Amino acid sequence: MSSLFEYDKDREAASAAKVRALEALLIKKGVLGSDSVDAVLRHFETVAGPFNGARIVARAWVDAEYKARLLKDTPKAIAELQFPGMTGAEGEHMKAVANSATVHNLIICTLCSCYPWPVLGLPPYWYKDPVFRSRGVREPRAVLREFGVTIPEGKEVKVWDSSAQIRWFVIPERPAHSEHLNEEQLAALVTPEAMMGVALVPSPPPA
C-alpha cells in the first residue's frame, strides 16, 4: 500500500536476501523440494488470504446479528460461513474487534509478527519491522497519520497486541454511500490494511 510510513528499507532487503539464501540451502540439502515454497505461496494466494477476511467483514456489515456473534466468539462465527482456508497455521485463536464512530482499532505484534494468516494472508514486511512494532504502541495516532489515516482527537484509539494466544483483526466501519452494494460487492472494497487498522475503507462510486 502507498503511505508516508517509513522504516529501514535496507533491513527489508537484507531480510529478503537471508530468506533466499536459507531457501536455497534447504533445497540443496533436500529438506525442501524446489516447488515447496511455491506451493505455500499458492495456498495463500488462492485458499487462505485477505479475501477470506473481506467476506467475513462484508457479512458483518450486512448482518448485525452475525456481527454480534463474530465479536463474541470469533472462531465459532467464522465457522458458520463454512469456506476453506480458515484453519491451520495462525488461525487457531482469532479475535475480531470493530471500529465505530467512537473507537478506531490498530493491530500490532510487539513480540515478533503474530498474524491471522487465514484472514489477512501473509504479513507485509513493515508489520514485522521493529519501527512499526514499537511506534505503534508509543504513538499510534502519529503512525496512523503516516499511513494516511487521521483520527479525530475525540475518537479513542485502541491498540491490540497479537500473540500466539490471540491473533486480532479489525472489522472496519462500513463506508458511506454503500447501501446499494450487495455482500460480494462490499467484500471487494475491503483491504488487508483496513482489517489491520492502518487504512479506512473508501466509499464506492455513486450508483
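The legends below describe close-up views of a predicted model.

Residues are numbered from 1 along each chain as its sequence is written, and side-chain values use heavy atoms, with hydrogens and water left out.

**View 1. The protein chain as a whole.** The secondary structure of the protein chain comes to 11 helices and 4 strands, where helices (H or I, at least four residues) and strands (E, at least two) are DSSP runs numbered from the N terminus. Of its 207 residues, 40% count as buried; buried means under 20% relative accessible area, exposed over 50%, and partly exposed in between, with a 1.4 Å probe and protein chains only. Among contacts (heavy atoms within 4.5 Å) with a separation of 6 or more, residues 24 or more positions apart account for 72%.

**View 2. Leu81 in helix α5.** Leu81 lies in α5, which comprises residues 74-81, and counts as buried at 15% relative accessibility. Leaving aside residues up to four places away in sequence, Leu81 touches Ile56, Arg59 and Tyr66; the C-alpha atoms of Leu81 and Arg59, 22 residues apart along the chain, are separated by 9.1 Å. Just after α5, Gln82 takes a positive phi of about 50°.

**View 3. The buried face of α5.** The buried residues of this helix are Thr74, Ala77, Ile78 and Leu81. Seen down the axis of α5, they fall within an arc of 100°, so they line one face of the helix; the arc is that of the directions from the helix axis to the C-beta atoms. What covers these buried residues includes α3 (50-62), α4 (64-72), β1 (94-98) and β4 (167-171).

View 4. Two packed helices are described by the angle between their axes and the distance between the axes. Axes are lines fitted to C-alpha atoms, for helices over the stretch in contact, and angles run from 0 to 180 degrees between N-to-C directions. Angles under 35 degrees count as roughly parallel, over 145 as roughly antiparallel, 65 to 115 as roughly perpendicular and the rest as oblique. α3 and α4 pack at about 125°, with their axes 5 Å apart, and are therefore oblique to each other. In this contact, Ile56, Arg59, Ala60 and Val62 of α3 meet Ala64, Tyr66, Lys67 and Leu70 of α4. α4 and α5 pack at about 135°, with their axes 5 Å apart, and are therefore oblique to each other. Here Tyr66, Arg69, Leu70 and Lys72 in α4 meet Thr74, Ala77, Ile78, Glu80 and Leu81 in α5.

**View 5. Strand β4 and its partner β1.** 5 of the 5 residues of β4 are buried, so this strand is largely enclosed by the rest of the structure. Both faces of β4 are covered, with Arg167, Phe169 and Ile171 on one side and Trp168 and Val170 on the other. β1 runs parallel to β4 and is joined to it by 5 bridges, two strands being paired if DSSP finds at least two bridges between them. Ala98 stands opposite Ile171 in β4.

View 6. His177 is found in the loop between β4 and α10 (183-187). His177 is exposed, with a relative accessible area of 57%, and has a positive phi of about 60° although it is not a glycine.

Note on methods
This is a predicted model: local features need pLDDT of at least 70, side-chain atom pairs count only at pLDDT 80 or more; totals for chains, interfaces and linings use all residues.
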